[in-house]
Amino acid sequence: MMGERTVMQEALFYSFRIEDHVPGDHLLRSIDRFVDLDGIREHLKPFYSSTGRPSIDPELMIRMLIIGYCMGIRSERRLCEEVHLNLAYRWFCRLDLDGAVPDHSTFSKNRHGRFRDSDLLRQLFEMTVERCMAEGLVGAEGFAVDASLIRADVHRQRSVPGEEGLPPKAAGRAVAEYLEVLDDAAFGGSTPVTPKRINLTDPAARWTAATRERAFYAYSTNYLIDLDHAVIVDVEATTAIRQAEVLAQRRMIERTQERFGLWPEKLVADTAYGSAPNLAWLVEDRGIEPHIPVFEKSARNDGTFARSDFIYDHEDDNYICPGGNRLRRSNRNFSTPRSGVDKDGSIRYRARQQDCQACTFRQLCTPNMAARKVTRSIHEGARDMARDIATTDAYLVSSRQRKKVEMLFAHLKRILKLDRLRLRGPNGAKDEFHLAAAAQNLRKLAKMKPIPGLALS
Ligand code: SF4
């Protein structure tokens, strides 16, 4: 029988609990168990005046931001509307049906004010790491590191050539932040090379052609992840160049050791992290096995002998060439001994001219030079260790594990929709990357530790 809805009279009183209308398997229900914001008011106290109009509750701000980043809502205006309309979002924000949701301009003003001045978002991220550790999701046996470019929120036309520098009249928050980080090795101090172009809206964003697309302005988000469950154990914002990303890797490893007492046995990364000084830092300073392809500047593609065709004699400190002759640091005796170490930390070994002139391999070895030279880094021991690891079965496993960090970046861009920043300046990038990494860890916790009796898809 077809039913018919009958409304005789509107009820005078309603009994309504938001709690009853949030599905048991809603993602935010699961995430809510892992969000502990006790103490944030205490932490933020020094940033608030004791007089004046009360601000938005910082816990409400944080909960709204968690919703935005976990659910991929990138617009502040839309986030405020969604929290207003969606019962599950209201429940997560501890708002009842009458609870006031801030309008987007107030929300934005608060976000750029006290939150920016405190390190609250860093603390929020670290809270998620601690929770992952407490839940047994961090094994700390192996870490992987990588960086991904995120477009800056700028118009490419509003820029000047790098050699011109910023015009004196350039002003604004992002410009002030750019001037602040000019000497920071993760931003302006990472390279002496002048950028090709400087954007006037966000000068710290780097003009980069690192991908196959057209060049664009970007920041890099750097992730250090634990290989057990791909939990992000640290995150760092840098300018979009390799030197800054390698520095971020060091900062993140040091910080996770100091902050959480995590000492990985191995680090998995791509060739960008395979420079001699970085491998030496990992092996000699930190005692970490580098599962990293060695960055080889000496590789040749013209068919002539590569350096790997020369055998290093540890005892005599010289190389033996394929022709059976020795390449030495010096073939002359100087009255004042020379170190022979270049500014870039490499040592040259030279064959004797008469050996090469008489050699049958000359066309295959040094067709254009009178005598062959090969270079060896002062960190060659660490490079050799990385090369040895690269021949093992464990390295094959590590190469597959490296994909875990790439998948996190794909998730960040496709699901959480952070393929372009909404905030400007280095601090804007830091805030967004901390929140996104915190959201990814919370989603991981929700997935790996579902509410008993429920399994999230
Ligand atoms: S050309 Fe010189 S360095 Fe090369 S194999 Fe012959 S002797 Fe050795």
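Two strands count as paired if DSSP finds at least two bridges between them, and strands themselves are DSSP runs of E at least two residues long, while helices are runs of H or I with at least four, all numbered from the N terminus. With that in hand, look at tyrosine 312, whose bridge partner is tyrosine 319 in β10. Before going on, note that this is a predicted model, where local features need pLDDT of at least 70, side-chain atom pairs count only at pLDDT 80 or more, and totals for chains, interfaces and linings use all residues. Residue numbers start from 1 along each chain as its sequence is written.

Back to the strands. β9 and β10 (residues 318–320) pair in the antiparallel sense over 3 bridges, and they belong to an open sheet of 3 strands ordered β9-β10-β11. β9 (311–313) and β11 (326–327) sit at the edges with a single partner strand each, so one side of each has no neighbour in the sheet.

Now zoom out. The chain has 17 helices and 13 strands. Its radius of gyration, taken over C-alpha atoms, is 28 Å, well over the 23 Å that the globule rule gives for 457 residues, so the chain is more spread out than a compact globule. That rule is 2.2 Å times the number of residues to the power 0.38. Along the principal axes, the C-alpha atoms fill a box of roughly 110 × 60 × 45 Å. Buried residues (20 or more other C-beta atoms within 10 Å of their own, against 12 or fewer for exposed and anything in between for partly exposed, with C-beta atoms placed from the backbone) make up 35% of the 457.

An α-helix has 3.6 residues a turn, so residues three or four places apart point the same way.
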